Amino acid sequence: MSKASAISRTPNRKMFWRIVRHLLTANRSRLFVILLALAAGAAITAALLNLQTDARRRLSVEFRAFGANVMMRGKSDSGSPNLPSTPRLDNEIPPSDDGQEVPRVGFLYLLVEASPYGQAALSRQGVAVILAGLEGRNVRRVLPARILEVAERPVAPSPGNLPSNEVSGPARPSICRVGQKAAAALQIHAGQLIELANRTNRLVCFASAIEEFGGPEDNQIFTDLFSVQQLTWDPGEYVVNNVSVILLNVPGTPAQIVNYVAKLQKQFPDLDVHAIRQFSEAQGKIYSKISGLLTATVVLVLVLTALCVMAAMTNVAMERRNDVGLMKAIGGATRRVLRLFLTEAALLGLAGGLIGAAIGMALSVWLGEAVFGIAARPRLIVYPISVALTIIVAIISSYPLRRLASVRPASVFRGEA
Amino acid sequence: MFLRLVADSFTRRPRRKVLTGAALALGMAIATAALSVSLDVGDRLAQEFRSLGANLVVTPQADSLPLEIGGVDYRPVNAGAYLPDSDLPKLKTIFWHNNIVAFAPVLEVSATLPNVTISKYGSPQRSIPAMQIQLIGTWADEHLQLPGGGTFVTGIAKTNPWFHAEGKWFSDEGHLERIEVAPMGHTYLPGPPECVVGEKLAARRNLHVGESVVVSAPKVESPQNMQSCDITGILSSGGPEDDALLMPLHNVQELVNKPGQYRKLYVSALTKPEDSFAKRDPKSMSADEFERWSCSPYVSSIAYSIQQALPGSDVRVIRRVAEGEGSILTHVRTLLWLVTFAALLAAALAVGASSAASVIERRSEIALMKAIGAGRGSVGFLLAAEQLLLAVVGGGIGYALGILLARVVGQKIFGAAPEPSLLVFVIILGLAAGVTMLGSAIPLRRAARFQPAPILRGE
């Protein structure tokens, strides 16, 4: 019984595919239009979906441009400007999720009296200013570009700038970058020497540049960490290697940053570790908007693709009245006839999807390159999803073919409309 | 005869025409929606980027050097200069007043929380020692009277959107307390000011919403001055404010005897990303260039006009925010325009295909016309007229539908619907006409080559 039906089905299946092949190739220009519509839809869908999955990573990269996003400092009880200092933890900071070293900068802030070099002797009052010593790894990722020079490669002052008389204190002055407002308050220019003093010690530093940083840094003087640490030393004590604040630039999405902060909090219970929320929160909000827009566009484009295919299928339905009439007349059941057309639509969807999605993936890589300067990483999951969506759209848009179900062979052959 | 033919074609097979028209309208609706949303998207995104907080900060010009570490200023109250808050309504009268989203003046002073003893029934007495804290006076929901009439609601919650108050923000006016007056009934008197406590401070001092806290600050003349306030919320900011106490500006001004004065003003403004032109020094520009510079909402030109409005102020761009925002905004905008272009392309393709289909199915009609002597031109003209009519009607309906769709999408994503614009209407009608013509031109050209006879025979 089952064998008999199997035998009778084999030629049927052969015939089925033969008819499908003929249906597909009957009108090449129409085949082209439908395929073009489906492929274009699939291409745009794939490109947008890929950009969307990539947008999170991309925005994370973009938002890292804002610099530090995590801050570690000692827990403070008092409102004194000299923040509790903590030992440097450079070697204990864990790597990020993807195993990379997290860029970090340690700061030591100190309230000092600053005055142009040589004027302290004239008993002129110095100006109270915040001196920041900094040092770190991969500083470029953490700080506004202009501060980092003191931390990365100190510039030696040219001998011509040094005063001819003996410099008391350190033989070689430290290098400072002075914030614009601090420089105005001190009345100094680039190339001058500044004298910085706290209760116990004194430091002479060479102002290599006056900078506008566009932030509270404008009120500060920057130099290397070691020089500031020297200022804090009490006579006879030379071992402490402290910082007040460590800034980190942790890569990743807001959720990954929160995880990393939790990890740090566990590891350093004595420290106050927190994410700088200003940027991470904005990142989340903006991602959700962009993602929403891309999703809305994908839906709209799929509707348009369906519309386009539907228009072509309406035509197909008109043309095939005779064929369907004939099929029915020689004993084709309505369901089998419709299955024929659905198979045709699904095949079109598959072909359009395969070609279009591949183009779309390439397109998104190129778009990523063109818009953001970094090529989008193709997500393989996007490919099958776009192909599946295209097939679904193709099948849905063959809805006009349902009219063929009601074709009555006799009226078709009589030539009635 | 021509008009009759056109009218005939519409009335004889209305269903077919409705179908083609519907496809056209739907396609154009989607094009309209995509275009309206993306015309609007730049402004909306710029608005979203204001969640980065203030991008301008105003300080007194004659100020001493702020001793600021980690966002906390450690200068004593009598050091440095102040600005009068009576000038602030002027910010909404400058040329860029519509671009100013929010601003909040800040007066930070160092204050003391005196030691307190907590005695609870059944538990041992606990004493919390006095501690130094940062007291921040600012606006939470100030209803500012503008010189031109109307009010502007602004405050720190808008300039620093990442500040979250559990409970609610204090009210700048304070609240009235009901006082029972025997035997007549009751009256209302102003109660103590409200305040918001940073979460870390709250945890350390065991403070909760609904309790009150006493704070003392050094007054310039008298050595100490006490103020009690009712806690309405616990602030979480992820910054130094978590260790601070926030109170309405005027209460802090009274406490430290600096009436009507503030030290720092945060301004959040909608800006255009800076290009190389914007970065030039306005002093070196010619009159024409200066005009162009001051008429573009660059952050630097907004800073310039704020400086003009607030005498004695020094307006600075917070570069970290402004530059980061500018670069991301430019990228995202380009991306979204590409996306819009893709949607328009898809719409054009769909409409073109459906109008092509509508011409193809009229092959026999075209053949008949040719058979009875119509030239290629008149057939094309007739069909073109029909398609154009359809395009205008379909495009118009599509535009109306698209505006509705744009409202839904805009509301869903940005919480604000884009304004319908005439520009979009013109573009959509043009696009509809162009695409239908193009879509029907291709099959028409093929139709021109048809021999009427075989088609009429039904071959």
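Glu325(B) is a buried residue, its relative accessible area being 2%. The structure discussed here is a predicted model, with an ipTM of 0.73 and a pTM of 0.75. For chain B the average pLDDT is 81, and 94% of the residues reach a score of at least 70.

**A salt bridge within chain B**

The partner of Glu325(B) is Arg50(B): the two form a salt bridge in which the closest N and O atoms are 2.4 Å apart.

Are the two partners buried or partly exposed? Glu194(B) counts as buried because its relative accessibility is 7%, while Lys168(B), at 47%, counts as partly exposed.

**Salt bridges between the chains**

Over all chains, the whole structure contains 12 salt bridges. Between chain A and chain B the count is 4. One of these pairs is Lys181(A) with Asp314(B), at 3.6 Å from N to O. It crosses from helix H4 of chain A, which holds Lys181(A), to strand S20 (residues 313–317) of chain B, which holds Asp314(B). Both Lys181(A) and Asp314(B) are buried. Another salt bridge is formed by the side chains of Asp218(A) and Arg316(B), at 3.1 Å from N to O. Lys181(A), Asp218(A), Asp314(B) and Arg316(B) are linked in a network of salt bridges.

| Salt bridge | N to O distance |
|---|---|
| Arg50(B) and Glu325(B) | 2.4 Å |
| Asp218(A) and Arg316(B) | 3.1 Å |
| Lys181(A) and Asp314(B) | 3.6 Å |

**The interface as a whole**

In the contact between the chains, 67 residues of chain A meet 64 residues of chain B. About 6,000 Å² is buried between chain A and chain B, and carbon and sulfur atoms give 68% of this area. Across the interface there are 4 residue pairs in polar contact, with both residues at pLDDT 80 or more. Several elements of chain A each supply at least two residues of the side that touches chain B, among them helix H2 (28–63), strand S3 (104–116), strand S4 (127–137) and helix H9 (334–372). Which element gives the largest share of that side? H7(A) does, with 24 residues. By residue class, the side of chain A that touches chain B divides into 42 nonpolar, 15 polar and 10 charged residues.

**The fold of chain A**

Chain A has 11 helices and 11 strands. Its length is 417 residues, of which 50% count as buried. Among the contacts in chain A between residues at least 6 apart in sequence, 81% join residues at least 24 apart.

Note on methods:
Residues are numbered from 1 along each chain as its sequence is written. Chains are lettered from A and ligands numbered from 1 in the order in which they are written. Side-chain values use heavy atoms; hydrogens and water are left out. Contact means heavy atoms within 4.5 Å. Buried area is the accessible area (1.4 Å probe) that two parts lose on being put together, summed over both. A polar contact is a pair of N or O atoms within 3.5 Å; within protein, one must be able to donate a hydrogen and the other to accept it, and residues adjacent in sequence count only if both atoms are side-chain atoms. Helices (H or I, at least four residues) and strands (E, at least two) are DSSP runs, numbered from the N terminus. Ala, Val, Leu, Ile, Met, Phe, Trp, Tyr, Cys and Pro count as nonpolar, Asp, Glu, Lys and Arg as charged, and the others, Gly among them, as polar. pLDDT is the predictor's confidence in each residue, from 0 to 100. Buried means under 20% relative accessible area, exposed over 50%, partly exposed in between (1.4 Å probe, protein chains only).
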